[in-house]
Amino acid sequence: MLLIVLAGVLVVVIGGCACVVRASRGGPRWARGVAVATLAAGELVRKSRPRGNGGSSGAEMSGDG
């Protein structure tokens with residue numbers, strides 16, 4: 001059952017990303033609406049995450065030399 005729910009969430013996320021791409025290329029009005037909702041949901045998820053380690057995203061890696 002959990003696998004079905006996760007697969008459904010994955011389909012919704014991929015569909016939202018596809019609508020963002022389609023709307024950026026001048027897609028139909030419904031795609032722009034889905035894109036706005038997808039981007040807003042992404043912002044809410046980003047803002048709801050607690051900041052840890054001074055707000056570092058982990059993308060910065062220190063190398064030797």
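**View 1. Glycine 26 follows helix H1 and has a positive phi, near 85°.** The structure is a predicted model, in which local features need pLDDT of at least 70 and side-chain atom pairs count only at pLDDT 80 or more, while totals for chains, interfaces and linings use all residues. Residues are numbered from 1 along each chain as its sequence is written, and side-chain values use heavy atoms, with hydrogens and water left out. The protein chain contains 2 helices and 0 strands; helices (H or I, at least four residues) and strands (E, at least two) are DSSP runs, numbered from the N terminus.

**View 2. Helix H1 has 23 residues.** From its first C-alpha to its last, H1 reaches 33 Å, close to the 33 Å expected at 1.5 Å a residue; the expected span is 1.5 Å times one less than the number of residues in the helix. Gly16, Cys19 and Ala23 are buried in H1. Here, buried means under 20% relative accessible area, exposed means over 50%, and partly exposed lies in between (1.4 Å probe, protein chains only). The cover over the buried residues of H1 includes helix H2 (29–48), where contact means heavy atoms within 4.5 Å. Of the 65 residues of the protein chain, 9% count as buried.

**View 3. Met1, Leu2, Ile4, Val5, Leu6, Val9 and Val13 make a nonpolar surface patch of about 750 Å².** Patches are made of residues with over 30% relative accessible area and no salt bridge; like charges are joined within 9 Å, and nonpolar side chains (Val, Leu, Ile, Met, Phe, Trp, Tyr) within 5 Å. Valine 13 is placed in helix H1 (residues 2–24) and counts as partly exposed because its relative accessibility is 45%. The protein chain exposes about 5,800 Å², of which carbon and sulfur atoms supply 64%. Accessible areas come from the Shrake-Rupley method with a 1.4 Å probe, and for residues only the protein chains shown count as cover.

**View 4. Cysteine 17 and cysteine 19 are in a structure with a count of 0 disulfides.** A disulfide is a pair of cysteine sulfur atoms within 2.5 Å. For cysteine 17, the nearest cysteine sulfur is that of cysteine 19, 9.4 Å away, and cysteine 17 is in no disulfide. Cysteine 19 is likewise in no disulfide. Cysteine 17 is partly exposed, at 44% relative accessibility, whereas cysteine 19 is buried, with a relative accessible area of 11%. Cysteine 17 is located in helix H1.

**View 5. Arginine 46 and glutamate 43 meet through their side chains in a salt bridge (3.1 Å, N to O).** A salt bridge is a side-chain nitrogen of Lys or Arg within 4 Å of a carboxyl oxygen of Asp or Glu. A search of the whole structure finds 1 salt bridge. Arginine 46 and glutamate 43 are separated by about one helical turn, because they are 3 residues apart in helix H2. Arginine 46 is exposed, with a relative accessible area of 58%, while glutamate 43 is partly exposed, with a relative accessible area of 34%.
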